[in-house]
Amino acid sequence: MTQHNRAIFQPSGQIQFGIFFQGVNSGTIWKAPESGSQTDFESFRRIVQTAERGKFAAFFLGEGLRLREHLGRPHALDVVGRPDAQTMLAALAAVTTNIGLVATQNTTYNDPADLAHRLSSLDLISGGRAAWNVVTTDNAWTGANFRRGGYLDHADRYKHAEAFVETAKRIWDSWETSAGPARRVLHEGRHYTVDVSPRLPRSAQYRPVLFQAGDSPEGRNFAARQADVIFSAHPKFDDAVEFRRDIVARSVDAGRGANAVQIMPASEFILAATDREAQEKKAWVRSLQIGPQQAIAYLEQFWGRELTEYDSDGPLPEIDPVVEETSETRGSGFHGAKARQLADQWRAEAKDKGLSIRQFVTSRTARVDATFTGSYTAVADHLAQFARVGAVDGFNISPWLIPTGLDDIVNHLVPELQERGVYPTEYRGTTLRENLGLETPVRSNEPVQV
Ligand SMILES: Cc1cc2nc3c(=O)[nH]c(=O)nc-3n(C[C@H](O)[C@H](O)[C@H](O)COP(=O)(O)O)c2cc1C
């Protein structure tokens, strides 16, 4: 390929699916009769095997290093906990053959040499199916669990993350090859000091695939330089096209090809035989996701105070939020929300649309933009459009029910997509890198001592 061509994005015309198993959040319904358990291996085994039947590229596990809190107490509606991702994925490697196994691991509280070794282990055990979803965690709330408080501020965390990933890549690069012997990796930097020799050989896919999740300009530049795939938050068509344009520009600027970084947005699917049935199903799903208590708790996260005396079927509270209480992230994802301004905005919007607290919160929850609702054929047509223009490389699906939440997708949507020629009918290879169509990394010639 010429230099010129490498700078021009070429849509693959295909989409792939990943599953994002969410151990926390109101998005997964744990109280329906058919719900499984969020910690029993059986829930994980059943859903990963369904995904593999549907030729899903990857199975993702998120990570949270502290249980969420609510008004200073453990968040009773959300305290479910998550087993360690790498431990769970190692077990899942034994009951699957082709699906990729993606462990979310943060760069703030791990050690690069240790994590590189553990990920290499998962990669070898699984026959080259491991991936690392690189996340950064800088909130004081998580840091307190490690006796570090808010030890890394926002401006520093991607520098820290980049040094971490560079170090891990050097370790994966340093195993002996026909071109040269194993190399000792010496790294002395502001954030890490490492003096280590690789302890494991390369896997069938050279090294774990790198995913990145984080949406700031710094996060996007970091992904453009380092990642193979972005786990994005932009699933709506126009937004996805714009995000692709942005990432292509950043990867070309970073000296990589326009197609170097793939994109898989977070998404949710509510499907049925007809559009109407799908809409009815959506109302049912939402009623279970956001019950009266969840609706009040959601507002309390922003208001920073108890609102239990409010009726979830009534209007939003007139009382003002406690700003100081809501300005620190508590694991809820509302970091830096300007609470008072937001409250005014929300009250006006709810009043304008005549929405109760529960209706408002239901309409507001993050997945609204990320949900594809409709008949199998309508949604398949819509997704084919994404594939045609190359808006995304795939979708990372959070099922609202575990372990049966992918059944509809695998039994009905996948065949529709396959008929349209936009979804794989077989796994291309045995490694995740092959299945995603990623290039094998070239061994870096950079000095191992930096
Ligand atoms: C789709 C998506 C999924 C994420 N999943 C996790 C996760 O499982 N665990 C975690 O600690 N952070 C997760 N993050 C948080 C990011 O790693 C990052 O800390 C956060 O987005 C703030 O960085 P930013 O300002 O670059 O967006 C996720 C972010 C996104 C966009």
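Here are a few exercises, each with a worked solution, on the structure above.

The model is predicted, so local features need pLDDT of at least 70 and side-chain atom pairs count only at pLDDT 80 or more, while totals for chains, interfaces and linings use all residues. Residues are numbered from 1 along each chain as its sequence is written, and side-chain values use heavy atoms, with hydrogens and water left out.

**Exercise 1. Find out what the average pLDDT of the protein chain is, and where pLDDT is below 50.**

Step 1: pLDDT is the predictor's confidence in each residue, from 0 to 100. The protein chain averages 90, and 93% of the residues score at least 70.

Step 2: Now look at residues 325–329, where the pLDDT is below 50. Beyond near neighbours in sequence, that stretch has 12 contacts in the model (contact: heavy atoms within 4.5 Å).

**Exercise 2. Name the residues that touch the most other members of the largest nonpolar core.**

Step 1: Buried means under 20% relative accessible area, exposed over 50%, and partly exposed in between (1.4 Å probe, protein chains only). Of the 450 residues, 53% are buried.

Step 2: A nonpolar core is a set of buried Ala, Val, Leu, Ile, Met, Phe, Trp, Tyr and Cys residues joined through side-chain atoms within 4.5 Å. The largest one holds 46 residues, and Phe17, Phe56, Phe59, Phe269 and Leu383 touch the most other members. Helix H14 (residues 376–389) gives the largest share of this core, 7 residues.

Step 3: Zoom in on Leu383. Leaving aside neighbours within four places in sequence, its contacts include Ile15, Phe17, Phe269 and Phe372.

Step 4: Another core lies apart from this one, with 20 residues, among them Leu119 and Val196.

**Exercise 3. Decide whether Glu268 is buried or exposed, and find which side chain it joins in a polar contact.**

Step 1: Find Glu268 in strand E11 (residues 262–272).

Step 2: Its relative accessible area is 0%, so Glu268 is buried.

Step 3: A polar contact is a pair of N or O atoms within 3.5 Å; within protein, one must be able to donate a hydrogen and the other to accept it, and residues adjacent in sequence count only if both atoms are side-chain atoms. The side chain of Glu268 has one of 2.7 Å with that of Thr371.

**Exercise 4. Locate Arg443 and list some of its contacts.**

Step 1: Go to the segment after helix H16 (432–436).

Step 2: With a relative accessible area of 17%, Arg443 is buried.

Step 3: Leaving aside neighbours within four places in sequence, Arg443 has contacts including Asp173, Trp175, Glu176 and Tyr206.

Definitions and conventions: Helix = DSSP H or I, 4+ residues; strand = E, 2+ residues; numbered from the N terminus.
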